[in-house]
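Biologist: Could you take me through this model, please? I would like to start with the overall picture and then look at the details.
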Amino acid sequence: MMNFLGNFITPAGMWNPLIWVFVSLIIFLIAYLIWSRGESRYKKGTEQTLPFLSGYAPESAEGTHVRAGNIYWGFVTALKGYYKVLRKIHTGNVNDYVGWYVGILAIMLLIYLLWGGA
Amino acid sequence: MIWDTLMAHSPALVIIIPLLAAFGTPLIGRAGKKYMYTWILCALALTELMTIVMLYHVFTNGTAIYVMGANPYNLAIPPDSHGIPVRIILTVDAFSSFMAFTASTVALAGGIYSIACEHEQTGQEKYYALLLLMLVGMLGMVLTGDLFNFFVFLEINSLASAALVAYHVDKGVATEAGFKYAIISAIGALMFLFAIGILYGEYDALNMAMIGSRMQFTNLDKIAMALITVTMAMKAGAIPMHYWVPDGYGKAPGAISAMLVTASQASLYGLFRMSFTVFGISANHVTLGWFIIILGVLSMFVGVTMALIQHDIKRLMAYHAISQTGYMLLGVGVGLATLGTAAFNQYGLAAMEGGIFHIINHAMYKGLLFLTAGAIIYRVGTSDLNKMGGLGHTMKYTSIFFIIGALSIAGIPPFNGFASKLMIYESVYQFQPVLSIIAMIVSILTLASFVKVFHSAFMGPKIHNVKEVPRSMLIGMAILTFFIILFGLFPNIALHYLVKPAAEALASPMGYLSRVLGGGP
């Protein structure tokens with residue numbers, strides 16, 4: 001019977017999730033103690049709870065929410081060329097799906113015939 | 001006595017229980033929905049129980065043989081068969097039982113989840129019958145020791161899956177996704193059957209162990225190897241043959257998307273089993289290993305970068321499923337590339353263990369994430385992230401389940417994804433550092449992608465006036481969460497009972513071959 005609470009031995013060292021959880025709890029406790037010593041000025045129902053959009057009043061609650069399509073815009077724009085190729089090959093056409101499968105099959109057939117044997 | 005009998009017959013019972021339950025479902029369904037739900041849940045729970053019994057049997061007694069219709073049940077080579085294993089032979093080693101446990105657990109969670117999620121749909125008896133047949137297909141694929149039976153179960157799995165993908169119809173879009181899946185699966189299965197024909201013509205046998213032991217590795221065998229490995233990689237969703245995955249996973253009901261993960265993993269099992277056991281002894285391990293590694297790296301990187309730009313929650317998760325499959329391919333590919341060398345003992349076996357550990361981890365957290373996506377769609381009525389927001393205000397349990405799944409898939413400790421990824425990073429780094437670095441970058445991008453989903457769906461002002469999903473859906477999610485936390489906090493349990501025996505069984509094809517070809521009970 002092995003020790004399930006013991007260290008998880010990895011190829012280059014070890015890992016102990018329980019120690020990690022214990023240390024995390026201590027860090028959370030310290031963070032909580034620091035936070036609890038702070039001054040509480042938050043008042044529900046006042047303008048403190050309204051979203052701040054550079055001084056402009058939000059049109060609606062929904063309007064303050066950043067939509068999924070706008071997240072990582074910079075990342076996607078920086079990799080425009082890469083995504084252009086990827087979007088082009090994702091045609092949604094089942095003929096292309098089969099084409100890729102047959103293409104890879106042909107390549108692997110050639111590779112195995114040349115270098116497949118021991 | 002009863003326990004021994006149960007253990008001995010467990011490989012057959014694991015397949016027979018869901019098979020009989022599938023055909024009984026339309027009949028029980030006529031008596032009423034409540035009876036049908038009880039019937040389904042009993043069948044799924046019993047299958048899970050029998051899988052655990054089989055797991056224990058294999059763990060304590062080694063590879064199990066079950067020959068349908070033979071007396072005794074484990075007589076693989078009868079005296080009058082001229083040394084050839086005949087009849088339908090189930091060959092269950094630690095890797096097979098590991099895969100069966102993974103598939104039946106996700107199916108159980110999916111079945112419970114479906115009761116509330118699909119209760120307003122018509123044709124439920126067909127849905128549950130197909131769900132059980134899909135499970136039969138997966139279990140058969142991972143338990144059989146016979147190539148033709150593997151093909152039959154592959155077809156059962158594919159046809160049931162395609163029908164279930166189309167279940168919601170969704171103005172014809174889901175039907176189209178199911179149709180695409182059926183076409184690509186049928187063509188793949190045809191190629192697989194062609195390879196079986198080649199091997200049968202050469203070796204007069206369909207048994208994997210027999211073919212593996214007789215393998216001459218002629219040019220015909222190389223053709224068969226290409227047909228089988230490429231087909232299995234395509235069915236597992238490896239890039240660049242992954243195109244059906246976002247369509248199929250994206251349009252299937254939530255529970256079926258979770259089960260499609262394990263269905264793809266059954267094909268991954270096929271790829272690994274054929275690579276190690278059938279062709280492994282004669283083939284060039286380096287060529288075969290690098291084929292799997294390259295597919296793995298492509299799948300990891302292209303999968304995650306495609307996921308980042310999706311705004312349909314199910315399609316996004318489908319691309320992540322492709323990306324995570326890449327980790328499994330990478331880990332096991334490194335093991336195969338180093339097989340038979342000193343490097344295998346240094347880090348190759350550990351890479352395989354990491355890859356195999358990732359299979360069960362991925363099934364649990366990706367299954368959970370698909371269930372949370374299904375829960376969101378169930379309440380909001382759309383899968384478009386641009387139309388979501390603020391669900392965390394009301395769907396608190398779903399939010400917690402999503403956070404656990406998202407942190408786990410991103411490899412954040414202390415969840416299970418971290419444990420398997422750590423094994424892969426460390427072992428692959430010793431093989432080729434750049435591959436390990438790519439794997440780490442992919443994890444960062446995965447986290448970024450799920451931060452986007454969490455922000456879009458759960459954070460922000462309350463946009464939808466919805467409530468939490470019904471209890472049965474929460475129970476389905478809780479089952480998978482339990483394993484995520486268990487394998488995260490106590491990875492040694494999974495490693496000791498499931499992963500190490502599975503990796504060792506896969507890496508030692510001679511043990512598998514001699515167990516079948518030893519012949520006697």
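Modeller: Chain B holds 19 helices and two strands; helices (H or I, at least four residues) and strands (E, at least two) are DSSP runs, numbered from the N terminus. This is a predicted model, in which local features need pLDDT of at least 70, side-chain atom pairs count only at pLDDT 80 or more, and totals for chains, interfaces and linings use all residues. Residues are numbered from 1 along each chain as its sequence is written, while chains are lettered from A and ligands numbered from 1 in the order in which they are written.

Biologist: What percentage of its residues count as buried?

Modeller: In chain B, 66% of the 521 residues do. Buried means that 20 or more other C-beta atoms lie within 10 Å of the residue's own; exposed means 12 or fewer, and partly exposed is in between, with C-beta atoms placed from the backbone.

Biologist: Turning to the strands, how do β1(B) and β2(B) pair?

Modeller: β1 (residues 64–67) of chain B and β2(B) pair in the antiparallel sense over four bridges; pairing requires that DSSP finds at least two bridges between two strands. Val67(B) has Ile89(B) in β2(B) as its bridge partner.

Biologist: Which residues lie on the two sides of β2(B)?

Modeller: In β2 (residues 89–92) of chain B, Ile89(B) and Thr91(B) are on one side, and Leu90(B) and Val92(B) are on the other. All four are buried, and both faces of the strand are covered.

Biologist: Next, how many residues does each chain give to the contact?

Modeller: Chain A gives 43 residues and chain B gives 54, where contact means C-beta atoms, placed from the backbone, within 7 Å.

Biologist: Which element of chain A gives the most to that side?

Modeller: α4(A) gives the most, with 14 residues. The side of chain A that touches chain B divides into 32 nonpolar, eight polar and three charged residues. Here Ala, Val, Leu, Ile, Met, Phe, Trp, Tyr, Cys and Pro count as nonpolar, Asp, Glu, Lys and Arg as charged, and the others, Gly among them, as polar.

Biologist: And what is the average pLDDT of chain A?

Modeller: Chain A averages 88, and 97% of the residues score at least 70; pLDDT is the predictor's confidence in each residue, from 0 to 100.

How values were computed. Contact = placed C-beta atoms within 7 Å.
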